[in-house]
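Have the structure open as you read.

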Amino acid sequence: MSNVPMRGPWAILLLTALAGLTACSPAKPAVVAPKTPDRVDSRAPERLAEADALVRAGCLDCLVSAFNTYDSLRTVPQVAGVATERATRTAVLAGLRERELGIEESGYFERARQLAAAAESLNEIIDPILEIAETMPSRTAGGSPASGDLPLNRRLLASRNRDAWPARLHPQIGDDPLSAYLWLGFNCAYNTPTRQAASGWVAELAAWRDVPLIDLERATCGILDAVTLDRLMQGDDRFVEVHYYLSLTSTLTGKLDDAVDHLQRAYAWRPRWPVVTNALANLYLSVEEFESAADFYDRTLAIEAGEPDALLGKIRALFYLGRYTSAIAATDDLIALGRWHIGEARYWRAFAELQLEQYDAAWADVEAAAKLWIQAPVSKLAGIIAYRRRETEVARAKFDESRALDRGDCETQFYLGGVLGELSQWTQAEAVLMEAGPCFERAERALVVDIDRIRKSDMPADRRERQIASREQQIASGRRMMATTWFNLAAACYNLSRKDAARQWAEKVATDEEFGARARDLLSRLK
């Protein structure tokens with residue numbers, strides 16, 4: 001069994017196709033006046049049984065189809081009462097599934113409320129269930145808890161009833177699928193879903209053992225059960241939503257191509273699914289397909305305007321595409337939210353301004369970023385900007401900060417060694433540059449291994465060639481920095497009157513296109 005961590009007490013089901021009832025988003029359930037039984041349907045009992053089977057089958061399209069069947073049977077006298085109750089319960093199930101998945105909601109909770117209002121006895125049953133159901137966590141595209149007063153109030157209400165509500169539902173969990181599903185889902189969302197706890201909850205649902213509706217909820221409680229998820233999808237191709245969960249297991253096990261395939265199937269099934277569009281964008285960013293990443297971040301933002309994780313991803317994609325002015329504009333949108341990722345937004349804006357040679361603006365933004373997001377790349381960027389502003393001592397201090405936060409960053413060692421050389425602090429320069437050279441060599445070996453892995457992979461050919469080219473470019477850049485490091489080491493040792501060491505480093509770049517002439521001149525002085 002492949003197990004992947006999922007949600008905790010406050011977490012939300014998580015760093016995502018075949019057409020169901022429609023090719024895109026399902027139509028919102030119609031709001032109609034209560035129907036009056038006025039006809040006879042000889043197949044009514046059989047149609048009820050078919051709808052019951054669809055509920056047990058458990059896929060979202062199955063639930064929607066079952067709801068539509070129950071709803072249509074409300075006009076048939078001999079089954080009107082039971083059809084209305086089952087339509088109401090199934091509407092709640094469909095609403096719960098949409099909320100768990102983060103699909104744009106279709107109004108099923110409100111439809112359930114309208115149906116229940118037509119019968120006082122049904123209203124007394126459904127109202128307490130809806131009270132619980134409507135507090136269930138709503139997933140956002142970025143995976144963070146939904147913000148705002150309403151989601152917060154829902155979480156607080158659920159927290160206050162963490163014990164009472166499961167106790168209220170427990171007596172009926174063996175009687176109907178909605179109670180069983182909601183009881184398990186609430187425990188998974190608002191109590192600690194350790195493996196032991198989840199096993200205990202599932203054991204109490206023995207009446208629903210091997211029912212796909214409950215199996216899906218069990219397989220996504222606490223730790224993703226990839227084996228069960230795969231079995232559900234293979235056993236019923238209507239379970240298209242399972243592709244989203246399998247994309248998570250693929251992503252977390254490094255199978256990014258499989259994850260993209262799962263998400264594309266989920267997207268084809270429900271295009272207005274911001275959790276999926278954002279996950280696709282993140283994956284495209286990871287595999288360095290920046291145009292596709294920017295496109296899917298825009299699709300996410302078209303559904304969830306101002307979603308902070310999508311905005312941050314879009315900024316990064318635009319930066320890597322070299323669209324620096326557009327990236328800066330996107331950072332303005334993120335900063336205007338006044339809530340999330342402001343430090344990172346300032347960092348990327350400073351980085352874009354650096355590329356546009358807007359050094360003063362870049363310095364102001366990187367300084368603001370440093371107050372909100374204490375990370376080695378922020379200090380390194382500040383050092384580069386300070387150096388471009390000809391503030392060598394400031395640059396040295398910033399590179400020192402970055403190196404203290406991340407000793408393994410080859411570029412930081414390279415920049416710091418160069419600045420120390422400019423300041424004629426030769427002893428310190430030599431010590432830093434002695435670390436930089438081997439660092440670049442290790443980085444190149446890792447890139448060579450990665451290129452070999454990519455060549456042997458079964459990823460699409462264009463993706464393979466693009467990723468190989470990217471790594472070859474990194475190797476070429478690293479070699480230039482390595483050559484610079486060797487020459488700077490030769491200069492440092494020469495100024496420290498360590499002739500043998502200076503000769504050793506100068507000989508390494510004596511034939512280099514950039515440093516050869518200077519290295520040979522230095523060697524002539526060492527004779």
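Helices here are DSSP runs of H or I with at least four residues, numbered from the N terminus. Please keep in mind that this is a predicted model.

Most residues other than glycine have a negative phi. Where do you find Asp210? Look in the loop that joins α9 (195-203) to α10 (212-219). For Arg390, go to the loop between α20 (376-388) and α21 (392-405). Asp210 is exposed, and Arg390 counts as exposed too.

**A helix pair**

Two packed helices are described by the angle between their axes and the distance between the axes. For helix α16 (residues 308-320) and helix α17 (residues 324-337), the axes come within 8 Å and cross at roughly 165°. Angles over 145 degrees count as roughly antiparallel, and therefore α16 and α17 are roughly antiparallel to each other. The crossing of α16 past α17 is left-handed.

Which residues of α16 make the contact? They are Pro308, Leu311, Leu312, Ile315, Leu318 and Phe319. From α17 come Tyr324, Ser326, Ala327, Ala330, Thr331, Asp333, Leu334 and Leu337. Sorted by class, this contact of α16 with α17 holds eleven nonpolar residues, two polar and one charged.

Note on methods
Residues numbered from 1 in each chain as written. Predicted model: local features only at pLDDT ≥ 70, side-chain atom pairs only at ≥ 80, totals over all residues. Heavy atoms only, no water. Axes fitted to C-alpha atoms, helices over the stretch in contact; angles between N-to-C directions. Helix = DSSP H or I, 4+ residues; strand = E, 2+ residues; numbered from the N terminus. Parallel < 35°, antiparallel > 145°, perpendicular 65-115°, else oblique. Left-handed = near helix turned anticlockwise from the far one by under 90°. Contact = heavy atoms within 4.5 Å. Nonpolar A, V, L, I, M, F, W, Y, C, P; charged D, E, K, R; others polar. Buried < 20%, exposed > 50% of the residue type's maximum accessible area, 1.4 Å probe, protein only.
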